[in-house]
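Subject: A structure for you to look at

Hi there,

Here is the structure I promised to pass on to you. Please open it beside this email and look up each residue as you read.

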Amino acid sequence: ELEFAGQIFCLTGEFAYGFRSDVEKRIISLGGNISKSLLKKGCILVVGCMGSENWLHSTHGRKIHEAVEAREKGRPVVIIPEEYWHQCCEYEESKAK
């Protein structure tokens with residue numbers, strides 16, 4: 001289970017769910033916050049599932065690389081795929097009903 005309330009989310013890649021702005025709105029509606037970049041105090045990096053063969057050389061790949069490095073330095077960075085994020089959104093929304 002993923003906690004949304006008060007958490008900071010950073011997004012990378014292209015999302016099957018829709019436009020990045022739609023992903024951001026859904027996170028905010030569940031109580032989360034958005035950051036355009038990884039934070040030293042930690043965040044949850046959501047990786048869009050619409051990947052590219054050149055991912056390592058894109059901003060998408062750099063954010064993932066930065067997140068892995070941050071975790072190795074002991075920062076609380078969680079990396080999750082879009083599919084897991086979506087499942088957690090569905091779960092949170094079902095609890096609210």
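Below is what was found in it, from the whole chain down to single residues.

First, some ground rules. This is a predicted model, in which local features need pLDDT of at least 70 and side-chain atom pairs count only at pLDDT 80 or more, while totals for chains, interfaces and linings use all residues. Residues are numbered from 1 along each chain as its sequence is written, and side-chain values use heavy atoms, with hydrogens and water left out.

**The whole chain**

The chain has three helices and four strands. Here helices (H or I, at least four residues) and strands (E, at least two) are DSSP runs, numbered from the N terminus. Read from the N terminus on, the order of elements is β-α-β-β-α-β-α.

Of the 97 residues in the chain, 38% are buried. Buried means under 20% relative accessible area, exposed means over 50%, and partly exposed lies in between (1.4 Å probe, protein chains only).

A contact means heavy atoms within 4.5 Å. Among contacts in the chain between residues at least 6 apart in sequence, 76% join residues at least 24 apart.

**Two helices that pack**

Two packed helices are described by the angle between their axes and the distance between the axes. Helix 1 (residues 20-29) packs with helix 3 (residues 82-95) at an angle of about 40°, and their axes are 11 Å apart. The axes are lines fitted to C-alpha atoms, for helices over the stretch in contact, and angles run from 0 to 180 degrees between N-to-C directions. That angle makes helix 1 oblique to helix 3. For the cut-offs, angles under 35 degrees count as roughly parallel, over 145 as roughly antiparallel, 65 to 115 as roughly perpendicular, and the rest as oblique.

Which residues make the contact? Helix 1 brings Val23, Arg26 and Ile27, and helix 3 brings Trp85, His86, Cys89, Glu90 and Glu93. Sorted by class, the contact of helix 1 with helix 3 has four nonpolar, one polar and three charged residues. In this sorting, Ala, Val, Leu, Ile, Met, Phe, Trp, Tyr, Cys and Pro count as nonpolar, Asp, Glu, Lys and Arg as charged, and the others, Gly among them, as polar.

Val23 deserves a look of its own. This residue of helix 1 counts as buried, at 0% relative accessibility. Beyond its neighbours within four places in sequence, Val23 is in contact with Leu11, Phe15, Tyr17 and Trp85. Val23 and Leu11 are twelve residues apart in sequence, and their C-alpha atoms are 8.6 Å apart in space.

Not counting residues up to four places away in sequence, Val46 touches Phe9, Cys10, Leu11, Thr12, Phe15, Ile80, Glu82 and Trp85.

**Cysteines**

How many disulfides does the structure hold? There are zero disulfides, a disulfide being a pair of cysteine sulfur atoms within 2.5 Å. For Cys10, the nearest cysteine sulfur is that of Cys43, 5.2 Å away. Cys10 is buried, with a relative accessible area of 0%, whereas Cys49 is partly exposed at 34%.

**Two glutamates**

Glu14 lies in the loop between strand 1 (8-12) and helix 1, and counts as exposed at 57% relative accessibility. Its C-alpha atom is 6.6 Å from that of Cys49, 35 residues apart along the chain.

Glu1 sits in the segment before strand 1 and is exposed, with a relative accessible area of 63%. Leaving aside neighbours within four places in sequence, Glu1 is in contact with Tyr84, Tyr91, Glu92 and Lys95.

Happy exploring!
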